[in-house]
Amino acid sequence: MPEPGTGLPWLIATVSDLRSETATAKTILFNVPDWPGHLAGQHLDIRLTAEDGYVAQRSFSLASPAGNSPTVEITVQYVRDGEVSPFLLEELRVGDQIELRGPIGGYFVWSPASRRPLMLIAGGSGVVPLMSILRTRRIAGNDAEARLLYSSRSVDQILYARELDQMSAAPGGPAIVHTLTRTTPPGWTGEHGRVERDMLARHAIDAREEPDIFVCGPTPFVESVADHLLSLGHAEPRIRTERFGPTGDAA
Ligand SMILES: Cc1cc2nc3c(=O)[nH]c(=O)nc-3n(C[C@H](O)[C@H](O)[C@H](O)COP(=O)(O)OP(=O)(O)OC[C@H]3O[C@@H](n4cnc5c(N)ncnc54)[C@H](O)[C@@H]3O)c2cc1C
């Protein structure tokens, strides 16, 4: 069955700003006058058409908070030898126009009306839709318990580092734990290593509190984290997952 949203029309989007997040990732802001609005956790599709008619299409999570603003925001991580991400990061300029459609996805979605505890677990650029959730939560003034466990290769690969620090320091802000899988800087006080069962036992909200859990990242990361969560007693329906595997060209 096609994912909800994939019958949507292609819209013209104009690049309104580009922000470097790390040496290999940028946030791209688009002005999309016909954007119908979106929920926290949804994504969009981008379609690039070459002069010879060749089409490449990829999915990108929405980083901007839920709402009806015509400005939508994505964050793109460079994939070496990729067709689409190097173009978006190296060629796109403010004022350029591209085609996109959305919002897509009705399952990996969080409502700011929820009062359930919220557990977010990200690997690499999998933090993008979780950032939309956290921004939506902040705007809504939702102060139900929230935690983010965020795995990055190294400290210079952490996306939204400053904003996450500010969020966690604010009253009612989420508790945020970073883990670095490769190098750690001197004095690092976060976790070191991959997100394994014992790390989840230390930092995930206890299964008895029945948190809503959102896990996003590369496919192997998501599958291993979801298995560990089940073994820690979390119920499958409470665990929502989004895999950032290769998207391919299929419409
Ligand atoms: C629902 C969804 C949401 C997504 N959201 C984001 C997002 O917010 N930010 C973001 O940067 N990406 C996101 N992605 C991934 C994105 O769609 C592309 O797959 C990614 O940008 C690579 O595309 P490319 O054309 O540059 O590489 P391709 O030309 O597709 O691939 C080049 C090579 O890299 C491998 N590869 C492809 N994708 C990845 C990957 N993610 N990690 C490692 N190797 C890869 C391929 O197997 C291939 O060997 C999302 C994917 C999905 C399905």
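## Ground rules

Residues are numbered from 1 along each chain as its sequence is written, and side-chain values use heavy atoms, with hydrogens and water left out. Because the model is predicted, local features need pLDDT of at least 70 and side-chain atom pairs count only at pLDDT 80 or more, while totals for chains, interfaces and linings use all residues.

Helices (H or I, at least four residues) and strands (E, at least two) are DSSP runs, numbered from the N terminus.

## Two buried residues

Let's start with Asn 142, found in the loop between helix 2 (127-140) and strand 8 (146-152). Its relative accessibility is 6%, so Asn 142 counts as buried (under 20% relative accessible area; exposed is over 50%, partly exposed in between; 1.4 Å probe, protein chains only). A polar atom of the Asn 142 side chain lies 3.0 Å from the backbone oxygen of Pro 112. Leaving aside residues up to four places away in sequence, Asn 142 touches Trp 110, Pro 112, Ser 114, Arg 115, Arg 137 and Gly 172, where contact means heavy atoms within 4.5 Å.

Ser 61 belongs to strand 4 (residues 55-61). With a relative accessible area of 6%, Ser 61 is buried. Not counting residues up to four places away in sequence, its contacts are Gln 42, His 43, Glu 73, Ile 74, Val 128, Pro 129 and Phe 244.

## Salt bridges across the chain

Side chains of opposite charge can pair when their charged atoms come close. The structure holds 18 salt bridges, each a side-chain nitrogen of Lys or Arg within 4 Å of a carboxyl oxygen of Asp or Glu.

One of them joins Glu 99 to Arg 47, with the closest N and O atoms 2.9 Å apart. This pair links distant parts of the chain, 52 residues apart: Glu 99 is in strand 6 (residues 97-104) and Arg 47 in strand 3 (residues 43-49). Glu 99 is partly exposed at 23% relative accessible area, and Arg 47 is partly exposed at 24%.

Another pairs Arg 58 with Glu 83, the closest N and O atoms being 3.0 Å apart. Here Arg 58 sits in strand 4 and Glu 83 in the loop between strand 5 (71-77) and helix 1 (85-90), 25 residues apart. Arg 58 is buried, at 16%, whereas Glu 83 is partly exposed, at 40%.

Glu 163 and Arg 138 meet through their side chains in a salt bridge of 3.2 Å, N to O. Glu 163 lies in helix 3 (residues 161-169) and Arg 138 in helix 2, 25 residues apart. Salt bridges that share partners join Asp 17, Arg 19, Glu 73, Arg 135, Arg 138 and Glu 163 into one network.

Definitions and conventions
Polar contact = N/O pair within 3.5 Å; in protein donor to acceptor, adjacent residues only side chain to side chain.
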